[in-house]
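Please read the following walk through the structure with the model open beside the text.

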Amino acid sequence: MSSSAAATAAPGSLATSLVLARDVSKTFGQRKALDGVSVSVACGEMVALIGPSGSGKSTLLRSITGLQSIDGGKGTISVFGQTVQSNGRVAGTVRATRSRLGMIFQQFNLVGRLSLFSNVMLGALGRLPGWRGALGLWPSADKTRAMQALHRVGVSDYAAQRANTLSGGQQQRGAIARALVQGAEAILADEPVASLDPVSARKVMELLVELNKRDGLGVIVTLHQVDYAIRYCDRVVALKAGKVVYDGPSTGLDTARLIDIYGPEFEDAFWETKA
Amino acid sequence: MIDTSVTGGAVPKPPSKSLGAWLLDVLIWGGVAVVLIYSIGDVDLGNLSRLVTNSDNVRTFAAGLLQPDFTNWRLFVEQMWLTIQIALWGTFLAVILAVPMGLAAARNIAPIWVVTPVRWVMNLLRSVPDLVMALLFIVAVGLGPLAGVLAITLNTTGVLAKLFSEAVESIDKGPVEGVRATGASGLHEIVWGVVPQVAPLWTSFALYRFESNSRSATVLGLIGAGGIGQVLFDSMNAFDYNSVSTIVIIVVVAVTLIDMLSQAMRKRLL
């Protein structure tokens, strides 16, 4: 399994590869959300996934973490050289792989009735023995780590508050803190700024860039707004109807290419700079 | 008149009820009416006038009720307390059993081959009335409060497990996915993703069942499962309407107090 993945590793060797997706397809009913997608991302890269809604960006990201199974057949996905999915089956080792990936969602996916601190503490679950995690007996080293993470993302003042009393931007930064406590080596963010106001969105994007540049975390982020992708990410992968239609430096995205990806109404995706 | 020329095309007709839907309405309501009329004879509705003609019996009863006899109040309060204890233990044991059952019966948590048999057991528990359960347990463990506790436990387990599982099925799956994405196990997902979301609703359901169980525990006493109901039944058989009156007053006061207490607690939770 990993030998076949190594054979197709285009950039970098297996050890430095963050994600290797080969020939991945996913069908929902009649619709092909992913249609033979092959993408490889090296550790420490910051990649934007763009494309119109329904193009398969989120499906690809969720397949990488094994939150969603892909179609059976020759499609494989491996993360850090560990197989996550092959032949339509999520690997049994997926929990260990997930604990190395921090996932950020559009709707934050914090547990609303728990405090922000408890939510961030949940990042330690993958490392603790099952019973300790279930009873919430967090080691004090992990508690310190959680407060450091909250401080790093700038929301430590709200640690004791229930997550659902916080603003979207605060919750999203809490979600990033959860990924930090997890000790994630890479962050996968699914539309992390789509539900945020422009100021919070910029803060979250800058935080992701900082984690990428200073801490060397790999970042794969799906984005609606093309200008965010161009401004914050070095590399862009564009999907259209489940197929990769562009994979290259963000500087290579010109108007003609964007019209090809989004259709003539692509300016809608460019709302921020036009406004 | 609204100018529709900008939209173009004809304005569609307003929606109207189809003939099929109309016929279905007639069938349902007509059916209910037919069953009601047919049942008049079977439920003895023709004897409604006895309420007035048998007024002598009613007068004796009412006279007794209007003169409550408080000499035995200490015993009655003791028995009322026993009834509440039966309800409390029955509800407590039911909650303990209903939590795993409710989780196992939720389609979004458990696989279908677990959900189906668990739901089947739940339906069975709910469909047997607690009076029948109490009769069974009286045979098994003898007359007394334990039969009442066990009857309430089983019946309430069925009801609470169903309510619990419905609460679990209506949770937001986002937070659960958020917990899963950290590399957490299935148990962690339930403890940290599911339970915090359903906890207020579960508590509220359990308190509500405690309220209604303190009423059913009274009734269970009538068939020998201990508590105030048994004393009520004995006094009734002895035509001691003065004591019956006192017992009824104590029951009403106690049940009202429990209702108020549990409502206040539920209000704080939600």
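In chain B, helix α5 (residues 112-127) packs against helix α7 (residues 145-169) at an angle of about 130°, with the two axes 7 Å apart; helices (H or I, at least four residues) and strands (E, at least two) are DSSP runs, numbered from the N terminus. Axes are lines fitted to C-alpha atoms, for helices over the stretch in contact, and angles run from 0 to 180 degrees between N-to-C directions. The angle therefore makes α5(B) oblique to α7(B), on a scale where angles under 35 degrees count as roughly parallel, over 145 as roughly antiparallel, 65 to 115 as roughly perpendicular and the rest as oblique. On the side of α5(B) the contact is made by B:M122, B:L125 and B:R126, and on the side of α7(B) by B:L154, B:N155, B:T157, B:G158, B:V159, B:A161 and B:K162, two residues being in contact if their C-beta atoms, placed from the backbone, lie within 7 Å. By class, the residues of this contact divide into 5 nonpolar, 3 polar and 2 charged; here Ala, Val, Leu, Ile, Met, Phe, Trp, Tyr, Cys and Pro count as nonpolar, Asp, Glu, Lys and Arg as charged, and the others, Gly among them, as polar.

This is a predicted model, in which local features need pLDDT of at least 70 and side-chain atom pairs count only at pLDDT 80 or more, while totals for chains, interfaces and linings use all residues. Residues are numbered from 1 along each chain as its sequence is written, and chains are lettered from A and ligands numbered from 1 in the order in which they are written.

Between the chains, 24 residues of chain A are in contact with 18 residues of chain B. On the side of chain A that touches chain B, the elements that give two or more residues are α3 (94-100) and α5 (130-135) of chain A, and the largest share, 4 residues, comes from α3(A). That side of chain A has 10 nonpolar, 10 polar and 4 charged residues.

Within chain A, an open sheet of 6 strands has the order β7-β8-β9-β3-β10-β11, with mixed pairing; two strands pair if DSSP finds at least two bridges between them. Its edge strands are β7 (101-104) and β11 (243-249), each of which pairs on one side only, and the twist averages 15° from one strand to the next. Helix α8 (residues 198-215) of chain A packs on this sheet, touching β3 (46-50), β8 (186-190) and β9 (218-222), and its direction makes about 155° with that of β9(A).

Both kinds of pairing can be followed at strand β10 (residues 235-240) of chain A, which is joined to β11(A) by 6 bridges, the two running antiparallel, whereas 4 bridges join β3(A) to β10(A), which run parallel.

Another open sheet of chain A is formed by 5 strands in the order β2-β1-β4-β5-β6, with antiparallel pairing, and its edge strands are β2 (31-42) and β6 (89-90), each pairing on one side only. Strand β5 (residues 82-86) of chain A is joined to β6(A) by 2 bridges, and A:S86 has A:R89 as its bridge partner in β6(A).

Helix α2 (residues 57-64) of chain A lies across β1 (17-28), β2, β4 (76-79) and β5, running at about 120° to β1(A). This helix is mostly covered, with 7 of its 8 residues buried, where a residue is buried if 20 or more other C-beta atoms lie within 10 Å of its own, exposed if 12 or fewer, and partly exposed in between, the C-beta atoms being placed from the backbone. The buried residues of α2(A) include A:L60, A:L61 and A:I64, as well as A:K57 and A:R62. Just after α2(A), A:G66 takes a positive phi of about 75°.

Returning to chain B, residue B:L65 has its place in helix α3 (residues 55-66). B:L65 is partly exposed because 15 other C-beta atoms lie within 10 Å. Although B:L65 and B:N242 are 177 residues apart in sequence, they are 5.5 Å apart in space, C-alpha to C-alpha. Leaving aside its neighbours within four places in sequence, B:L65 is in contact with B:Y241, B:V244 and B:S245.
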